[in-house]
Amino acid sequence: MSLITTLARMEAVREGRAQPLTTVRHRHLSERPLAFVPLTTAGEAGAPLGAMVGTDRDAPRLLIVAQPRDRDLRFAFLAELAEEIQPYLDSYADGIELEERKETDPETGKKVPVQVELCEDAPQLLVPSAAGVAFVRLLGRSMRFRRTAEQDPETPFPAPARVPLLGRWLTHYGERSRVPGSCLLLSLTELLSRHWATGQSNLEDQHLGSLLAWVDPPEGVSGAEAALRAESERDAHGQLRCPPAGPATDPAFDNKLLAPAMSRYDAARAEASQGVAGGEARLRLAEEELRRLLASQLRPTWDALWRGVDLLRSLPEGARVTDRWRRDRWSYTGHRDRVRAGEPPQPKRDDAVTAAQKLAARETAQAQLDAHEALDDPLVMAGRRLAGEAFAGEVIDVEMAWSDAKVPRPRPLVTVRTEDRPHLAERVKLHRVVADGKAQSGEFAGFADMDGPEGADESGESDESGGAGGADASDDTGASGAEYGPGGAARALVVRLTGGMGRGKQPEPGTVPEKGDRVCWTLFEHAPRGGPELPDPESTPWTHGGPPDAAAPAQGPEPDPMTEEDYL
Amino acid sequence: MDARALAALAANPGCRRRALLDGAGVDKGALAQALGAPANFGQSQFAHQRGNSFEARVKADGGADLVRLLHERLRDGTEPPGPGAVATPDLAAPGPQGRTARTALALREATEAGRWALLDHPMVSLDVAGSPAFLEPDAVVVHPDGSWTVVEIKSFPMVDGSADPAKVGAAARQSAVYALALERVASMIGEPPEGGDDAAMAPGAAGPANAAETAGAADAADAAGVVVPAEAASPAGTAEAAAPAEAAGPAEAAGPVVPAPPAEAADAAGPVIPAEAATLAGTADAAGPADAAGPVIPADPAEAAEAADPAGATAPEGPAAPAGPAPARARVRHQVLLVCPKDFSNLPTAEMVDVRKQLAVTRRQLDRLTRIEEIAAALPEGTTFDLRLTDDGRTPTRPLEELTAAVDAVDAAYAPECLSACELAAHCRTRSRGAGLVEALGRGVRGELGGLTTVGAVLTAAMERSADDIPTGDPAVDALRRAAALRAEALASRPEAVACR
């Protein structure tokens, strides 16, 4: 946690309500997201208990598994879930726009432009908490290798075609959610805690109810008190008033309410199967009771999820969010194409090259997200400035200069007065955004006297000491970065512009800041690029397992074996 | 105290409150309830059933499957254990001391036998802040080469060979505690037995905790007296040997650490700590009858018997005929076997987990734990955590203020991580927040705040004067001022004032 976030948390403690960490919303929120609130059986992997799902906050669809130990009921639940989610996912597949992309022609080896489809919008899944995201991945894994009757007439438990299909989609969404800044699958706790600092720890922020209590406490109640209630207030029967956001249920609910209701259900089911008079009716009643119980656990979280969405919508969207959402649309379109092309489900384990590619992509996305958020949001930038990764200030002097090349290029020297303490060394690359949104590069040329900036000549010496001093400072103070040494406030830094001024001998108008302008330079790149390309799978180095075995038939992965006895 | 609690205690070695309450065997859950801040702990019966049925399945078949699984993971090219190759010694014995002794004996025998053996739910003990804690691993496997592997059976799934890292981490920490306790047993077994003088060597050979140092304090005659039945020369004899230990008094695993008058000692939740506790605990005077209820130092008959009986038992031929040279090869492997359900089935799968790091951390943290006597010595005289339950044992009658004062008499080191590990965390959190301590926001927060320890002090330092003011020279304060100024500047520049709602 950075110092500025820590400070915001302490302000939240003092104010009794959450304090903003951002001035804009840094994640895309769909017009019509699909909310998914799952519940799972305690201690059991992939045995869902129920779910609330839908795009209409007033009309959620409740799905339950009356007896999670019954494989047929579980499979029926998954089929129903697929009925709910798959049409939503498919509904975005056909609204497309055409994009031009360069592709290498396999025959000539030249790059040729081709028209490719890009979906205009993409479906967005919202879950209450990070555990919900993990559950989506788990569901995806448990469903995508299921066999349909068509694929394998012998399979003992054939699944409707939608089940493995949804499994592949959920896997894709789960995988995508690991890319920083992606918005196909989001959890409300992450969303809210990105935008607000509460007066409690990160750990406690994992509880959606308690997090919301801080962000939007009821009238006349402090956030701390409301959060405590949300976390632990129990009714006369010992049940939580604000059930956990799942997917795990509260043990008290399991033991006191759910288990007895399930026993009644089992008994009624046994009677019904034996044809005892009235058994069917009792079975319906028992199932209805279970539905009511699970709804009582799901509905508060469902409402909390939508309340969180409302709060987030009240923030204006950051300028670069659309750019990143476009990547999500590409991701969605790409998976749509793979499904349409009949490719097999995602493998259980990635091969070395795919895994390395994913990691590299996530690193690039993280760097890009960090840059985007800072550029979109002065409050995030303030954190980077405090950390010595950027500085902002007023231009106090501009001196024209040119490079020594045969064709001289403009290399103006801009003196900026700033109170920030960036980690600068000689010729450190600097970046800033020009008025038209383009990036301009520069480099640090030294410190200048505050009274009369002399330009580059004198900056050499001060540069040395300044640079060295800066480096020492960062070693000493470590975490908080910049040092606030004696002498205090403002310093003047000289920046030599190295780009973004057009092609001519004279810089294009508007590309060089003028005296009195406010400018903000960053030490980080604005559009960070990934590392070098990775080798083809065929040339995987032996250190990473070597090339895939060509002799092995490229067949789809085996479905999970079914054990004779059921789970539990 | 179980291994999970121990791992949690080791994760927060600075918490004197927890060290004292755990060491004294106070029911923290009941205490938290009485304080009006109950913990949100509990286990679902579904998870419980699932855990039990999975463990039963893993150990079915006399442990042969489990040992096969372990052998498979070892990939050491040795012969797989054939049918009937796995010994499963009977570990039944009354009381935790008895079971610990029985386990030590079984381990020794199995190590000497040079064959596979599975110890199902053995019991080992570990000295925690000066008092013994008894631990029960799911299983321990003895290899033919005399090394031991801790087996941890968990019911979270291993999907495609990987499991939830947080849960694996917790399991590894827990296993490390077992491995640590086993290492002590191994080191004792490794010592060559000294033929005739059984009584003298007895406590050192097998006693848990600080048995070696108490060897002198323990009454030799006493120890020898208890060894006698063990000469009956059979494993059954050990069980008998353990019996006197039990009979000696309610020597409970988590009995009060600090010697207390018998009346209070009977109530585990409310040990009275006499002011002279520190001195008491260190001396042999403590070996009075009151001590039998669970003293710190195994200087009383009950403990001595417990310490002695493995020794007696390890010499089945009797002291007169010295046992053959004990193998010095007994050692605990630093890789534990984590057994989980495979994917979505209930078939077991396993992975070796290296716990060297967790072992080192746990060992270091346990060493750092302040000795309980020291904590107790600092308490006001007469401090007790007795809830004064009504006769039905349900309703505490102790006034809340009194109880709160008693709990507050010993310092806590609250951090949010406590919430998932300690029953008393909700209470400590309230107190920590009430005092405005910055750790309530997370342990990492302290790092950048230098000497500022309360939220109020931080906010004052940040807001009191502007950042342009002359630097104070305190880097934390200057950085905070700067942060506050930057934050205020950015918030003022918001396009439209977004209400924080």
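## A loop residue in chain B

Asp160(B) is partly exposed, with 14 other C-beta atoms within 10 Å of its own. Here a residue is called buried if 20 or more other C-beta atoms, placed from the backbone, lie within 10 Å of its own, exposed if 12 or fewer, and partly exposed in between. Asp160(B) belongs to the loop between strand E5 (147-153) and helix H7 (165-190) of chain B. Its phi is near 50°, a positive value in a residue other than glycine. Most residues other than glycine have a negative phi.

## How to read this model

This is a predicted model, in which local features need pLDDT of at least 70 and side-chain atom pairs count only at pLDDT 80 or more, while totals for chains, interfaces and linings use all residues. Residues are numbered from 1 along each chain as its sequence is written, and chains are lettered from A and ligands numbered from 1 in the order in which they are written.

The pLDDT is the predictor's confidence in each residue, from 0 to 100. Chain A averages 85, and 89% of its residues score at least 70. Over residues 452-487 of chain A, though, pLDDT stays under 50, and the model has 62 contacts beyond four places in sequence for this stretch. Where pLDDT is low, the predicted coordinates should not be read in detail.

## The two chains

Chain A has 13 helices and 15 strands, while chain B has 20 helices and 8 strands. Helices (H or I, at least four residues) and strands (E, at least two) are DSSP runs, numbered from the N terminus. Of the 568 residues of chain A, 43% count as buried; for the 501 residues of chain B, the figure is 51%.

Two residues are in contact if their C-beta atoms, placed from the backbone, lie within 7 Å. Among contacts in chain A between residues at least 6 apart in sequence, 68% join residues at least 24 apart.

## Where the chains meet

The interface brings 58 residues of chain B into contact with 60 residues of chain A. On the chain B side, helices H4 (45-59), H18 (425-434), H19 (455-463) and H20 (475-492) each supply at least two residues. H20(B) gives the largest share, 12 residues. By class, this side of chain B has 30 nonpolar, 15 polar and 13 charged residues. Ala, Val, Leu, Ile, Met, Phe, Trp, Tyr, Cys and Pro count as nonpolar, Asp, Glu, Lys and Arg as charged, and the others, Gly among them, as polar.

H20(B) is largely enclosed by the rest of the structure, because 13 of its 18 residues are buried. At 1.5 Å a residue, those 18 residues should span 26 Å, which agrees with the 26 Å between the end C-alpha atoms. The expected span is 1.5 Å times one less than the number of residues in the helix.

## A helix pair in chain A

The axes of helix H6 (residues 208-215) and helix H9 (residues 279-313) of chain A come within 10 Å and cross at roughly 40°. Axes are lines fitted to C-alpha atoms, for helices over the stretch in contact, and angles run from 0 to 180 degrees between N-to-C directions.

Leu208(A), Gly209(A), Leu212(A) and Val215(A) of H6(A) meet Thr301(A), Ala304(A), Arg307(A), Gly308(A) and Leu311(A) of H9(A). This contact has 5 nonpolar, 3 polar and 1 charged residues.
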